[in-house]
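Please look at the sequence and the fold before reading on.

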Amino acid sequence: MATSKFSKPRPASKKSRAATPVEKQASRDQRLLEKLRELYPDAGCALHYHQPFELLVATILSAQSTDKIVNQITPALFKKYPTPAAMAQATLTELEALVRASGFFHNKAKNLKACATVLERDHHGEVPRTMDELLKLPGVGRKTANVVLGNAFGINAGVVVDTHIQRLSQRLGFSNEPTPEKIERDLMAIVPQEEWTVFSHRMIQHGRVICSARKPKCNECLLAPECPSRQI
Ligand code: SF4
């Protein structure tokens, strides 16, 4: 339709408004995620295992320990007790001797035996595939359950929050919360669900290689331009 000089003038096009602080933060979060993807495309579980039961045991042992130490002690442990049935029959003294190097060995041995007993009694010797069932196993908290679900079964039920991820989430501004449970909730809102498991591996790797607790290497860190905690 032709316009005449009597047509109503069109309203001036709206100026694009400035992003709100929340929108800016969301964009920055996504840029950080993208950078983590680029930096650690193949990040994966550092614990050695061949089946879900082994990963469950290794993850229980990794509390307050390192993956390296756990990987050193699990071959002998898995050889002697390859199934929940076998581990349920172990004496505490035998188990303690095998897991001693991982620290807190009295508790860990007790939990492993009790966990194996429940797996054998209530789950036909299989590791269950739901968060609720896993959380009922002795020695299993949300972090361990997330590790097992994500890595042994490919189920992204939550985000692992260990000490590295807790520290990095706070430094990178993904969360201001003080507890793993609340940090996990924040991360689940930021990270796409299909990446929850691999995201935790990327964060752990960055925490180990660059952003350590005592001496973050901000000068070498490729996340620095977006990191609110950079010290440069
Ligand atoms: S810039 Fe520094 S504080 Fe931020 S993630 Fe990198 S190493 Fe950590």
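Are α5 and α6 parallel, antiparallel, perpendicular or oblique to each other?

## Basis of the model

This is a predicted model, in which local features need pLDDT of at least 70, side-chain atom pairs count only at pLDDT 80 or more, and totals for chains, interfaces and linings use all residues. Residues are numbered from 1 along each chain as its sequence is written.

## Helices α5 and α6

Helix α5 covers residues 92–99, and helix α6 covers residues 105–122. Helices are DSSP runs (H or I, at least four residues), numbered from the N terminus. The two pack at an angle of about 120°, with axes 9 Å apart. Axes are lines fitted to C-alpha atoms over the stretch in contact, and angles run from 0 to 180 degrees between N-to-C directions. α5 and α6 are therefore oblique to each other. Angles under 35 degrees count as roughly parallel, over 145 as roughly antiparallel, 65 to 115 as roughly perpendicular and the rest as oblique.

The crossing of α5 and α6 is right-handed (the near helix is turned clockwise from the far one by less than a right angle). From α5, the contact takes Leu92, Leu95, Glu96 and Val99. From α6 come Phe105, His106, Lys108, Ala109, Lys110, Leu112 and Lys113. Contact means that C-beta atoms, placed from the backbone, lie within 7 Å. By class, this contact has 6 nonpolar, 1 polar and 4 charged residues. Ala, Val, Leu, Ile, Met, Phe, Trp, Tyr, Cys and Pro count as nonpolar, Asp, Glu, Lys and Arg as charged, and the others, Gly among them, as polar.

## Helices α2 and α6

Helix α6 also packs with helix α2 (residues 52–62). Their angle is about 155°, and their axes are 10 Å apart. α2 and α6 are therefore roughly antiparallel. Their crossing is right-handed.

Val57, Ile60 and Leu61 of α2 meet Lys108, Asn111, Leu112 and Cys115 of α6. These residues divide into 5 nonpolar, 1 polar and 1 charged.

## Helices α9 and α11

Helix α9 spans residues 163–171, and helix α11 spans residues 196–209. Their axes come within 9 Å and cross at roughly 85°. α9 and α11 are therefore roughly perpendicular.

α9 brings His164, Ile165, Arg167 and Leu168 to the contact. α11 brings Ser200, Met203, Ile204, His206, Gly207 and Arg208. The classes are 4 nonpolar, 4 polar and 2 charged.

## Domains

The domain assignment gives domain 1 (52–152) and domain 2 (159–232). Such bounds come from an automatic or database assignment. The C-alpha centres of the two domains lie 27 Å apart. Their contact takes 5 residues from domain 1 and 7 residues from domain 2. The domain 1 side has 1 nonpolar, 3 polar and 1 charged residue.

## Ligand surroundings

How many residues surround the ligand? There are 13, and the closest are Cys211, Pro216, Cys218, Cys221 and Cys227. A residue belongs here if its C-beta atom, placed from the backbone, lies within 6 Å of the molecule. The shell has 9 nonpolar, 1 polar and 3 charged residues.

Conventions:
Two residues are in contact if their C-beta atoms, placed from the backbone, lie within 7 Å.
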